[in-house]
Amino acid sequence: MKDGSHCVLLVDDLESNRSHDAAAVFDRYRRALDTVLKEDQKPKAAVHFLVNMLEAYYFGDAAAVNAVLGTNLEDFKGDVETIRNPKSKLKTVCAAFDEKEHGPMIVRELNVLRILSRADSCASLRTMFAWAAEATRSNLDIPNGRWFTVTEPQIHTLRKAR
């Protein structure tokens, strides 16, 4: 980050057993970043969460899962960030699912903008992508919707630092 053109994005799973502690988990990571970064670097470093884990987002674009696993899933009707233990759910749909083998293939197929297209879901993922788009000055058009209140302030801090 010496020349100011780099960003730091720390991402952790925020599984259901820690969701009530999201602010405390965020603060712990944020303090660690702020301890090692210079003042002008801090806005270009962020902490974000996958809720509950990466595999939850697969259910927001079932076509990606279907293409890789040969399943017949439909997009999850609710907020995929509320799905508990999505890996187990995938194993129920396809016993052969292996996160190391199939995960990278599914991720390459995912249409993130489709996953974010429902305004009432994926607040954490939307906030992470909005921060990344702002930090990299990307013209990626993040669909409007809910943001994750714990991590949202980092977007405002980044904007103020410009």
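In this predicted model, helix α4 covers residues 99-109, and its buried residues are H102, G103 and I106. Seen down the axis of α4, these buried residues fall within an arc of 110°, so they line one face of the helix. An α-helix has 3.6 residues a turn, so residues three or four places apart point the same way. On the other side of α4 are K100 and R108, and both are exposed. The start of α4 has a contact of its own: a side-chain oxygen of D98 comes to within 3.1 Å of the backbone nitrogen of K100.

What lies over the buried face of α4? The cover of its buried residues includes α2, residues 62-69. Two packed helices are described by the angle between their axes and the distance between the axes. For α2 and α4, the angle is about 135° and the axes are 8 Å apart. That angle makes α2 oblique to α4, because oblique takes in angles that are neither roughly parallel, roughly antiparallel nor roughly perpendicular, and roughly antiparallel begins over 145 degrees. The crossing of the two helices, α2 and α4, is right-handed. At the level of residues, α2 contributes A64, V65, A67, V68 and L69. These meet H102, M105, I106 and E109 in α4.

Is L113 buried, exposed or partly exposed? Its relative accessible area is 36%, so L113 is partly exposed, because partly exposed lies between under 20% for buried and over 50% for exposed. Leaving aside neighbours within four places in sequence, L113 is in contact with L140, D141 and P143. A distance can also be given from L113 to D61. The two residues are 52 residues apart along the chain, and their C-alpha atoms are separated by 9.6 Å.

Which of its residues are buried? They are Q154, I155 and L158. Seen down the axis of α7, these buried residues fall within an arc of 105°, so they line one face of this helix. Both helices and a strand are found in the cover of the buried residues of α7, which includes α1 (22-36), β2 (45-50) and α6 (123-135).

Technical notes. Residues are numbered from 1 along each chain as its sequence is written. This is a predicted model: local features need pLDDT of at least 70, side-chain atom pairs count only at pLDDT 80 or more; totals for chains, interfaces and linings use all residues. Side-chain values use heavy atoms; hydrogens and water are left out. Buried means under 20% relative accessible area, exposed over 50%, partly exposed in between (1.4 Å probe, protein chains only). Helices (H or I, at least four residues) and strands (E, at least two) are DSSP runs, numbered from the N terminus. The arc is that of the directions from the helix axis to the C-beta atoms. Contact means heavy atoms within 4.5 Å. A polar contact is a pair of N or O atoms within 3.5 Å; within protein, one must be able to donate a hydrogen and the other to accept it, and residues adjacent in sequence count only if both atoms are side-chain atoms. Axes are lines fitted to C-alpha atoms, for helices over the stretch in contact, and angles run from 0 to 180 degrees between N-to-C directions. Angles under 35 degrees count as roughly parallel, over 145 as roughly antiparallel, 65 to 115 as roughly perpendicular and the rest as oblique. A crossing is left-handed if the near helix is turned anticlockwise from the far one by less than a right angle, and right-handed if clockwise.
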